[in-house]
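The structure is shown first.

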Amino acid sequence: MAEKRNALVTGGSRGIGKAIVEELLSEGCNVWYLSRSEGEAASLKEKAASLGNTLTWVACDMADRSSVQEAVERVIQEAKSLDILVNNAGITRDGLIMRMKDEAWDEVLAVNLTGAFLTSRRIARLMAGQRRGSIINISSVVGIMGNGGQSNYAASKAGLIGFSKSLARELSSRNVRVNVVAPGFIQTAMTDVLPEALKESLNTQIPLSRIGEAQEVAHAVAFLASEKASYITGQVLAVDGGMAM
Ligand SMILES: NC(=O)c1ccc[n+]([C@@H]2O[C@H](COP(=O)([O-])OP(=O)(O)OC[C@H]3O[C@@H](n4cnc5c(N)ncnc54)[C@H](O)[C@@H]3O)[C@@H](O)[C@H]2O)c1
């Protein structure tokens, strides 16, 4: 039987993060996830147990530096080694640039970009010492294409791409791979709030003519995390029904 891997997922409580937690459990990983509340992923505990894996929630506010640092230290103490880090936690605070408040800019950058910096800085040290590891950052097609009303979000997601390519170069000699998954329009709480008319018009911009499922993003993450992707680093894999090509 393949050796168990340890994985840490930020923002794993629901949506895409929860689907990633579930997929990694199915792939034989022990999974730790960080979020402010235990959330819907608590329902995966039975599945984890039936697979012989552990699932652990660690309370964390990704917008608070000391909270992130404490949570990551706790995970490292429990897990001892980590094979996979998925920086998934993300928020939107949309608005046109001329009306965008400082808080909307700061909060989005704090959770989406600084949060990933803080987890990666600590875990890169651990993975470099282990001489193995895979880091996957969840960006967005908006980080590639831009989107009116989302300059803060697009900046954070484009920032994640440059950040990831830089880490991929820094960590390659230690056998640590760093890649990006850029989802398109995926059915979750984040997109449920969009007006129906906007959802319909978005559909016409997607070559595969449908909204994606969280699980479809999770499949790409599990692939990049696996040995099947052993020669892939510094890449951006869009899971978007062809939207950003
Ligand atoms: N849904 C989409 O269409 C879509 C498209 C592209 C990219 N994404 C990205 O995918 C990721 C997941 O999005 P989702 O659609 O599942 O959204 P979601 O709102 O359903 O889930 C976001 C997750 O992040 C966590 N989170 C948010 N703020 C946090 C904080 N301060 N501290 C700790 N955890 C926090 C939440 O608890 C939740 O688990 C995000 O990075 C998002 O930007 C989503």
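## Helices α3 and α4

The model discussed here is predicted. In it, helix α3 (residues 65–79) packs on helix α4 (residues 102–130) at an angle of about 30°. The two axes lie 10 Å apart. α3 and α4 are therefore roughly parallel to each other. The crossing of α3 past α4 is right-handed.

On the α3 side, the contact uses Arg65, Val68, Gln69, Val72, Glu73 and Ile76. On the α4 side, it uses Thr114, Gly115, Phe117, Leu118, Thr119, Arg121, Arg122, Ile123 and Leu126. By class, the contact of α3 with α4 has seven nonpolar, four polar and four charged residues.

## Helices α1 and α9

Helix α1 (residues 15–26) packs against helix α9 (residues 214–225) with an angle of about 50°. Their axes are 8 Å apart. This angle makes α1 oblique to α9. α1 passes α9 in a right-handed crossing.

From α1, the residues in contact are Gly15, Ile16, Ala19, Ile20, Glu23 and Leu24. They meet Ala214, Gln215, Val217, Ala218, His219, Val221 and Ala222 of α9. The contact of α1 with α9 comprises nine nonpolar residues, three polar and one charged.

## Cysteines

A disulfide is a covalent bond between the sulfur atoms of two cysteines. How many disulfides does the structure hold? The count is zero.

Are Cys29 and Cys60 buried or exposed? Cys29 is buried, at a relative accessible area of 0%. Cys60 is buried too, at 4%.

Terms used: Residues numbered from 1 in each chain as written. Predicted model: local features only at pLDDT ≥ 70, side-chain atom pairs only at ≥ 80, totals over all residues. Heavy atoms only, no water. Disulfide = S-S within 2.5 Å. Buried < 20%, exposed > 50% of the residue type's maximum accessible area, 1.4 Å probe, protein only. Axes fitted to C-alpha atoms, helices over the stretch in contact; angles between N-to-C directions. Helix = DSSP H or I, 4+ residues; strand = E, 2+ residues; numbered from the N terminus. Parallel < 35°, antiparallel > 145°, perpendicular 65-115°, else oblique. Left-handed = near helix turned anticlockwise from the far one by under 90°. Contact = heavy atoms within 4.5 Å. Nonpolar A, V, L, I, M, F, W, Y, C, P; charged D, E, K, R; others polar.
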